[in-house]
Amino acid sequence: MQLAPSLGRVYDRSRPVWVDLNELYRHGFLGDASSATLLIRQQGLVVSGRVPGTLHAWLRTEEGYWAGLVSFCIAGRAESTVPPLALKHLVPRGALRPRRPEERGREPQY
């Protein structure tokens, strides 16, 4: 894909990033969490915290904001039988942080 530099940048080699799901989904999902059964709380998709992702491109929105085209997975908790869900999504700049290659899939401890 060829883009004018003011509209975006596509990387020949994708870049590792952290995707902040709290920021990406900061408006949350509508629903009543208190009505969730124990099974749902144990097996439902986790859409909070940070997950490793791969940045493929920066693209500009019509309002002038930058968004990253990012591949990442969300999954259930460790004991969940739900397989990870692979996504390729436009992610706001504020929800992305560089990830060092040595961090692999594990978030650094601060």
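**Phe72 and what surrounds it**

Mentor: This is a predicted model, to begin with. Setting aside residues up to four places away in sequence, Phe72 touches Val19, Leu21, Leu24, Tyr25, Val51, Pro52, Gly53, Leu85, Ala86, Leu87, His89 and Val91.

Trainee: Which residues touch the most other members of the largest nonpolar core?

Mentor: Val19, Leu21, Leu24, Val70, Phe72, Val91 and Leu96 do, out of 15 residues in that core. At least two core residues come from each of S1, helix H1 (21-24), strand S2 (50-60) and strand S3 (66-74).

Trainee: How many helices and strands are there in the chain?

Mentor: Two helices and five strands. In sequence order the pattern is β-α-α-β-β-β-β.

Trainee: And what is the strand order in the sheet?

Mentor: The five strands run S4-S3-S2-S1-S5 in an open sheet, with antiparallel pairing. Strand S4 (85-92) and strand S5 (96-98) are the edges; each has a single partner strand, so one side of each has no neighbour in the sheet. From one strand to the next the twist averages 40°.

Trainee: How many bridges hold S1 and S5 in their pairing?

Mentor: Three, with strand S1 covering residues 8-20 and the pairing antiparallel. Val19 has Leu96 of S5 as its bridge partner. Both Val19 and Leu96 are also on the list of core residues that touch the most other members.

Trainee: What about S2 with S3, how many bridges there?

Mentor: Seven, again in the antiparallel sense. Leu59 stands opposite Ala67 in S3. The two strands form a hairpin with five residues between them, and Gly64 in the turn has a positive phi of about 95°.

Trainee: Changing topic. Which residues line the second largest pocket?

Mentor: Tyr11, Arg15, Pro16, Val17, Leu55, Trp58, Arg93, Leu96, Arg97, Pro98 and Arg99. The space in that pocket is about 160 Å³.

Trainee: Which elements give two or more residues to that lining?

Mentor: S1, S2 and S5. S1 gives the most, with four residues.

Trainee: Leu55 is in the lining. Is Leu55 buried or exposed?

Mentor: Buried: its relative accessible area is 5%, and the cut-off for buried is under 20%. Leu55 belongs to strand S2.

Trainee: What is Leu55 in contact with, leaving aside neighbours within four places in sequence?

Mentor: Tyr11, Ser14, Arg15, Val17, Gly68, Leu69, Val70 and Leu96. Among these, Tyr11, Arg15, Val17 and Leu96 also line the second largest pocket.

Trainee: How are Leu55 and Leu96 separated, along the chain and by C-alpha atoms?

Mentor: They are 41 residues apart along the chain, and their C-alpha atoms are separated by 9.0 Å.

Trainee: Across the chain, what share of contacts with a separation of 6 or more comes from residues 24 or more positions apart?

Mentor: 68%.

Trainee: Last one: what percentage of the residues count as buried?

Mentor: 27% of the 110 residues in the chain.

Notes: Residues numbered from 1 in each chain as written. Predicted model: local features only at pLDDT ≥ 70, side-chain atom pairs only at ≥ 80, totals over all residues. Heavy atoms only, no water. Pairing = 2+ DSSP bridges. Axes fitted to C-alpha atoms, helices over the stretch in contact; angles between N-to-C directions. Core = buried A, V, L, I, M, F, W, Y, C linked by side-chain atoms within 4.5 Å. Buried < 20%, exposed > 50% of the residue type's maximum accessible area, 1.4 Å probe, protein only. Contact = heavy atoms within 4.5 Å. 1 Å grid on protein atoms, 1.4 Å probe; cavity = no way out; pocket = protein on both sides within 12 Å on 5 of 7 lines; lining within 4 Å. Points joined across faces, edges and corners; volume = space filled by probe spheres on them.
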